[in-house]
Amino acid sequence: MVGIIGKKAALTAALLATTSLAQAAEVEVLHWWTSGGEAAALNVLKEDLAGQNIGWVDMPVAGGGGESAMTTLRARVTSGDAPTAVQMLGFDILDWAEEGALANLDAVAAEEGWDKVVPAALQAFAKHDGHWISAPVNVHSTNWVWANKALLDELGIAQPTNWDEFVAALQAVKDAGKTALAHGGQAWQDATMFDGVILSVGGVDFYTKAFIDLDPAALGSDQMVEAFNRMATLRSFVDDNFSGRDWNLASAMVINGEAGFQIMGDWAKGEFINAGKVPGQDFLCFRVPGSDGAVSFNSDQFAMFSVKDEGAQGAQGEMARAIMSPSFQSAFNTVKGSVPARTDVPNDAFDACGKQGMADLAAAAESGKLVGSVAHGHANRAAVKNAIYDVVTAHFNGEYDATTAVEELVNAVEAAQ
Ligand code: GAL
């Protein structure tokens, strides 16, 4: 009798332990993936974790580029209630690591051999003081153009191969009474176009001198005046209602044939595929003309905040492991529009734009033409990034002419350092 009771008690205790383990195996994820394409990609992650019994507490903060998400994060951490896992970009990750806020992922990284498969350009943001502090989920790049193929065919417009052809193509769409350039007037979207424009004006050398080295001569150069002139040209092709529009609504204008082109990172492709569109057939993807092999990248990573609870720590490790698995990287990135954050994932499952993205990334890394996106926090710390945003946006909205914008840029970047 006593034996049976003892067995029962042991069973109950075991069940309780399992239950509490299951409950503890949960991550609260702060992210800004709220558009249709982004949500579809996020579901791939949620389902992958659910399959491994890792619970998901959703903490979405809408706003492309993640500025609002970062403001919410700061408030949560300040009030002593950090989420366990946070979508983060570039220098923001390093800033949080310097504050000592992030968990150490060395154990899972060593078990899974991350050192060998994650490209150096990503490790620069995923490691701090030699320790892994985040798990890169993808590589996006910003210097892309998205076009409605039927509209271009109807108007007899060929895919532009240089800046002048691009401007002529925009003009032809405008002349046909359509919106030439779908755009949302938000600082991060203006800055995203600026990434591509900078590359189109002076290639990787100019981009690096101006925005990585922050060389005042490059920032104040005639080439920079030309870059702002090109931004003004682009401004002349947006519609009257562009101000404040979300990026995915601008993508929708190209998807439904209301507009010809959008300059946007390859998360835009997530919107096209989510709408059932096929690259090459319904839409075109090509680099901002004049990019000349350059790729301005940003990588979404999940940084794990230091937590005391062992169950939560375990879930963080499992989430990091899941994110970095080759099969997940393929399944997720084919939906998100990005490319894998590891070099050993086959391109079979990717569509034409994805295959091009993977090839461009590898070639750019090889030839020294891979640069961090200014707009998405991979070129500078937030203070400098925001200073650049302010000038680019003020100019785009007609507050400055190109010469004044250049002067403002030199001063703003200097003050922000
Ligand atoms: C970027 C991010 C992408 C995409 C985009 C628009 O900063 O890296 O994953 O979400 O913002 O929201």
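**Ligand shell and domains.** I looked up which domains supply the shell around the ligand. At least three of its residues come from domain 1 (4-140 + 299-351), and at least three from domain 2 (141-296 + 357-416). The domain bounds come from an automatic or database domain assignment.

**Model notes.** The model is predicted: local features need pLDDT of at least 70, side-chain atom pairs count only at pLDDT 80 or more, and totals for chains, interfaces and linings use all residues. Residues are numbered from 1 along each chain as its sequence is written, and side-chain values use heavy atoms, without hydrogens and water.

**Shell members.** I listed 14 residues around the ligand, counting a residue if one of its heavy atoms lies within 4 Å. Glu-38, Asn-298, Asp-300, Lys-336 and His-376 are the closest. By class, I find six nonpolar, five polar and three charged residues in the shell; Gly counts as polar, and Asp, Glu, Lys and Arg as charged.

**Polar contacts.** I took pairs of N or O atoms within 3.5 Å. A side-chain N or O atom of Glu-38 is 2.5 Å from a ligand oxygen. For the side chain of Asn-298, the distance to a ligand oxygen is 2.8 Å. Gly-65 uses a backbone N or O atom, 3.2 Å from an oxygen of the ligand.

I then checked where the ligand sits: in the largest cavity, with more than half of its atoms within 2 Å of the grid points. A cavity here is a set of points on a 1 Å grid over the protein atoms alone where a 1.4 Å probe fits but cannot get out; lining residues have an atom within 4 Å of a point. The largest cavity holds about 100 Å³, as space filled by probe spheres set on the points. I count 15 lining residues, with Trp-32, Glu-38, Gly-65, Trp-267 and Asp-300 nearest the centre.

Notes:
A polar contact is a pair of N or O atoms within 3.5 Å; within protein, one must be able to donate a hydrogen and the other to accept it, and residues adjacent in sequence count only if both atoms are side-chain atoms. On a 1 Å grid over the protein atoms alone, a cavity is a set of points where a 1.4 Å probe fits but cannot get out, and a pocket is an open set with protein on both sides within 12 Å along at least five of seven lines; lining residues have an atom within 4 Å of a point.
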